[in-house]
Amino acid sequence: MLRALGALRQKTDYRRWAEPRNIYASWESRTERAAQLIPDGSRVIEFGAAKRVLERHLDPSCTYVPSDIVDRGPGTIVADLNERPLPNVEPDSYDVAVFMGVLEYIHDLPELVDWLAERFATCVASYACAPAKPHTLRAAREKVVRLQHGWMNSYTDEGLRSLFTDRGFTCHHEESWENQRLFVFSQLPSSS
């Protein structure tokens with residue numbers, strides 16, 4: 001109930017994410033797969049770094065910077081993506097922005113994607129897509145379940161793709177991971 005109230009108030013749940021027990025080992029395979037989707041030699045920033053699992057799975061030629069709402073160790077950029085201003089990240093400082101299990105917790109996702117489009121060539125993200133079409137009874141029920149998770153938005157896979165493509169990204173890769181989708185959105189020409 002507290003998660004739903006926080007989501008309704010559009011507030012980040014600092015207490016939940018500061019507690020290491022709320023960061024599950026079962027998520028590691030998702031992050032490991034995401035690392036495989038990142039080109040060697042990339043400059044990577046991970047938003048929602050948690051236990052910094054991505055850092056361990058990236059190719060050694062990559063550089064890595066963690067970012068989260070609480071300090072996750074040396075070099076962490078502490079930032080809440082629901083607060084303004086968004087972090088002061090200069091365009092072209094990083095090649096890839098990574099979001100594993102983060103975008104659902106963002107209140108104004110269109111504004112965040114606008115910010116991303118100005119700064120990052122590639123975004124690798126997981127997202128638990130809403131399966132129902134918006135404005136249906138099923139979608140309303142799903143929204144309640146999403147609020148119980150603390151999620152602040154409800155995009156279908158098509159809706160999330162459009163959110164990025166409308167801002168100049170192309171979806172270069174998409175696959176399933178458990179009940180989520182992994183996406184690679186890029187502003188660079190496809191190499192395939």
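The model is predicted, so local features are taken at pLDDT of at least 70 and side-chain atom pairs at pLDDT 80 or more, while totals for chains, interfaces and linings use all residues. Residues are numbered from 1 along each chain as its sequence is written, and side-chain values rest on heavy atoms, with hydrogens and water left out. The chain has seven helices and seven strands, where helices (H or I, at least four residues) and strands (E, at least two) are DSSP runs numbered from the N terminus.

**Overall layout**

- Reading from the N terminus, the elements follow the order α-α-α-β-α-β-β-β-α-β-α-α-β-β.
- Of the 192 residues in the chain, 47% count as buried; here buried means under 20% relative accessible area, exposed over 50%, and partly exposed in between, with a 1.4 Å probe and protein chains only.
- Among contacts in the chain with a separation of 6 or more, 60% come from residues 24 or more positions apart, a contact being heavy atoms within 4.5 Å.

**The sheet**

- Seven strands make an open sheet with mixed pairing, in the order β3-β2-β1-β4-β5-β7-β6.
- The edges belong to β3 (77-78) and β6, each with a single partner strand, so one side of each has no neighbour in the sheet.
- Two strands are said to pair if DSSP finds at least two bridges between them.
- Strands β1 (residues 43-47) and β2 (residues 63-68) pair in the parallel sense over five bridges, and Ile-45 has Val-65 in β2 as its bridge partner.
- Helix α3 (residues 28-36) packs on the sheet, where it touches β1, β5 (122-127), β6 and β7. The direction of α3 makes about 150° with that of β6; axes are lines fitted to C-alpha atoms, for helices over the stretch in contact, with angles from 0 to 180 degrees between N-to-C directions.

**The β6-β7 hairpin**

- Strand β6 (residues 170-177) pairs with strand β7 (residues 180-186) in the antiparallel sense over seven bridges.
- Two residues lie between the strands of this hairpin, and Glu-178 takes a positive phi near 50° there.
- Cys-171 has Phe-185 in β7 as its bridge partner.

**Aromatic rings and a charge**

- Rings of Phe, Tyr and Trp (its six-membered ring) pair if their centres lie within 6.5 Å; planes under 30 degrees apart count as stacked, over 60 as edge-to-face and the rest as tilted.
- The count by this rule is nine aromatic pairs. One of them joins Phe-164 and Phe-169, with centres 5.4 Å apart and planes at 70°, so this pair is edge-to-face.
- Phe-164 and Phe-169 are both buried. Phe-164 also pairs with Phe-185, with ring centres 4.0 Å apart and planes at 0°, so that pair is stacked.
- Phe-185 is buried, as is Phe-164.
- Elsewhere, ring pairs link Phe-47, Tyr-94, Phe-99, Trp-115 and Phe-120 into a cluster.
- Arg-30 lies over the face of Trp-177, at 5.4 Å from the ring centre. The rule for a charge over a ring is that NZ of Lys or CZ of Arg is within 6 Å of the ring centre and within 35 degrees of the ring normal.

**Cysteines**

- There are zero disulfides in the structure, a disulfide being a pair of cysteine sulfur atoms within 2.5 Å.
- Cys-129 is buried, at a relative accessible area of 16%, whereas Cys-171 is partly exposed, at 23% relative accessibility.

**Around Thr-165**

- Thr-165 sits in helix α7 and is partly exposed at 37% relative accessibility.
- Leaving aside residues up to four places away in sequence, Thr-165 touches Thr-170 and Cys-171.
- Thr-165 and Gln-187 are 22 residues apart in sequence, with their C-alpha atoms 9.2 Å apart in space.

**Backbone details worth a look**

- Arg-84 and Pro-85 are joined by a cis peptide bond with omega about 5°, and Pro-85 lies in the loop between β3 and β4 (96-99).
- Ala-50 has a positive phi near 50° without being a glycine; its place is the loop between β1 and α4 (53-57).
- Arg-52, also not a glycine, has a positive phi of about 60°. Arg-52 lies in the loop between β1 and α4, and is buried with a relative accessible area of 12%.
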